[in-house]
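Here are my notes on the A/B model, as numbered points. Have the structure open while you read.

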Amino acid sequence: MALASLTHLQPLFKRLQVRDHISSDEMNALASKASAIVDVPANTDMAPEGSRPGFSTLVVEGFAIRYNLLGDGRRQITAIHVPGDFIDLPSFLLKTMDHSVAALSDCRVVAFQHQGLLDITAQWPHLARLLWLLTLMEAGIHRQWLVTMGRFSALQRMAHLVCELYVRLETVGKAHNGRFNLPMTHVGLADTLGLSPVHVNRVLGELRSMRLIRWDTPEVEILDWTGLRRVAEFDDSYLNLHNEPR
Amino acid sequence: MPRYYFDVFSDNTLTRDEIGLDLRDMNAAVAEARLALADMSREAIASAKLDELRILIRDGDDGPVLLTVTISTEWPAKSDGT
């Protein structure tokens, strides 16, 4: 099993550098607590509901999801994670998983033992605040999803998801010129947006016919950013993209 | 599992399904179409610009099966008391 280096942590550093200054000592401190790099095949559960992981994982390549299963077997995806996201930082303090985390596509992840995170929070108060910031940013995304799922039309929900993923992926250098890859089926999108797969198909058709996006799975291309933002009522303030001391 | 395609007609436009869904049988496909109609009707009724939604289920052997939801608004007849 390969050990993680500073290079592997670049997506996390990019995310943090958008929001604050992070010193090279802090980067080295984080890297020193990173243990194994693991390649996880698509559709593999990484931290199932009810489990007690001894480590937290950072996505460095690919996509991961959080989901809950309903009594009748249906699935609700509650978060999509992109490179630079610490997917189960919650398990560091919540201990027992109250939902499942799975690889959506083939993923490369870096594991941080909880003991290592404990050492970081004890010795590096600014890094502890940045880890705290990451969980607050995640909560901000969850709040926005609540508004979107609760009040927006199907068309707006889909448009909003595309806008959000583009901005998040661009931050970590995984989206360029309006294009990014989203390895998700219509069933996956339906489980994310709380719609039926047939409705997802219709909404994608509508966005295409409005000339807002092009979608040749897995590549998404935004053809009209202003128009898409307008449909989605997308305001990126919840993504906390400003740089200031934390 | 056979693959079923769900073409949606609404607002005078057809969204042709090129991807389809793998489902157990036509009964499961009809259930999926009803779920989609339930989903779509909510917005259609609220927006008041749509009166009919149709889903045509296509597959190789069975079908096509057509499901239609119609919303009608009936106004009282005008009296001739002039």
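1. Across the interface of chain A and chain B, five residue pairs are in polar contact, both at pLDDT 80 or more. A polar contact is a pair of N or O atoms within 3.5 Å; within protein, one must be able to donate a hydrogen and the other to accept it, and residues adjacent in sequence count only if both atoms are side-chain atoms.

2. Before going on: the model is predicted, so local features need pLDDT of at least 70 and side-chain atom pairs pLDDT 80 or more, while totals for chains, interfaces and linings use all residues. Residues are numbered from 1 along each chain as written, chains are lettered from A and ligands numbered from 1 in the order written, and side-chain values use heavy atoms, without hydrogens and water.

3. On the chain A side, α7 (186-193) and α8 (197-209) each give two or more residues to the face touching chain B. The largest share, six residues, is from α8(A). Helices here are DSSP runs (H or I, at least four residues), numbered from the N terminus.

4. Contact (heavy atoms within 4.5 Å) takes in 13 residues of chain A and 16 residues of chain B. Val198(A), Asn201(A) and Arg202(A) supply 51% of the area that chain A buries against chain B, more than any other three residues. Buried area is the accessible area (1.4 Å probe) lost by two parts on being put together, summed over both.

5. Now look inside chain A at Met158(A). Beyond its neighbours within four places in sequence, Met158(A) is in contact with residues including Leu189(A), Val200(A) and Trp215(A).
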